[in-house]
Amino acid sequence: MSRNSRFFLFSSALVLVVGLCTGVVAYFGGLPTNASTLSNGPDELRYVPANAALVGYANVRDVMASDFRQKLRLVLPDGNQEGQAEFQRETGINIDQEIDYVLAWMTPPSADGQEPDGLVMLRGR
């Protein structure tokens, strides 16, 4: 076995052991492992049931103000503006300026054939 092969083998083993040890410490050390136990999320996370299979969150204000979105608006056609204008006409809500974040969750279908439940929450002004 060459010197480079041994170095690669020992480095790989070291990375694997460090990763596994970190995972074990995080699991048994009581670190939060799901979104509902984190304290830095929105208050509405308390409405998410424990059996939720899908949880989504988007900070709309940050997305609307991002450089990526500004660049995307330059590339995409203005057909997007029609949809936003129609949404504002129908609901009275300006997505760009009035919505702070969106939180959505969905539960899996139950074994007895019951349809999945879900909820979408918007927070804004």
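User: In β3, which residue is the bridge partner of I99?

Analyst: This is a predicted model. Strand β2 covers residues 99–106 and pairs with β3 in the antiparallel sense. The bridge partner of I99 in β3 is G124.

User: Over how many bridges do β2 and β3 pair?

Analyst: Strands of a sheet pair through backbone hydrogen bonds, either parallel or antiparallel. Here the sense is antiparallel. Strand β2 and β3 pair over 7 bridges.

User: Which strands stand at the edges of the sheet?

Analyst: The sheet is open and has 3 strands, in the order β1-β2-β3. An edge strand here has a single partner strand, so one side is left without a neighbour in the sheet. That applies to β1 (54–59) and β3 (118–124).

User: What does the twist average from one strand to the next?

Analyst: The sheet is open, with antiparallel pairing in the order β1-β2-β3. From one strand to the next, the twist averages 10°.

User: How far apart in sequence are the parts that D100 and R61 tie together?

Analyst: D100 forms a salt bridge with R61, with the closest N and O atoms 3.6 Å apart. D100 lies in strand β2, whereas R61 lies in helix α2 (residues 60–65). The pair therefore ties together parts 39 residues apart in sequence.

User: Is D100 buried or exposed?

Analyst: Buried means under 20% relative accessible area. D100 has a relative accessible area of 18%. D100 is therefore buried.

User: How far apart are the closest N and O atoms of D100 and R125?

Analyst: Side chains of opposite charge can pair when their charged atoms come close. D100 forms a salt bridge with R125. R125 lies in the segment after β3, so this pair ties together parts 25 residues apart in sequence. The closest N and O atoms are apart by 2.6 Å.

User: Which residues do salt bridges that share partners join into one network?

Analyst: The count comes to 2 salt bridges. D100 forms one with R61, and D100 forms one with R125. R61 counts as partly exposed at 36% relative accessibility, while R125 counts as exposed at 57%. The network joins R61, D100 and R125.

User: What accessible area do V24, Y27 and F28 have together?

Analyst: These residues form a nonpolar patch on the surface. Y27 lies in helix α1 (residues 3–28). At 61% relative accessibility, Y27 counts as exposed. Together, V24, Y27 and F28 have an accessible area of about 400 Å².

Terms used
Residues numbered from 1 in each chain as written. Predicted model: local features only at pLDDT ≥ 70, side-chain atom pairs only at ≥ 80, totals over all residues. Heavy atoms only, no water. Patch = residues over 30% accessible without salt bridge, like charges linked within 9 Å, V, L, I, M, F, W, Y side chains within 5 Å. Areas by Shrake-Rupley, 256 points an atom, 1.4 Å probe, with all protein chains shown as cover. Salt bridge = Lys/Arg side-chain N within 4 Å of Asp/Glu carboxyl O. Helix = DSSP H or I, 4+ residues; strand = E, 2+ residues; numbered from the N terminus. Buried < 20%, exposed > 50% of the residue type's maximum accessible area, 1.4 Å probe, protein only. Pairing = 2+ DSSP bridges. Axes fitted to C-alpha atoms, helices over the stretch in contact; angles between N-to-C directions.
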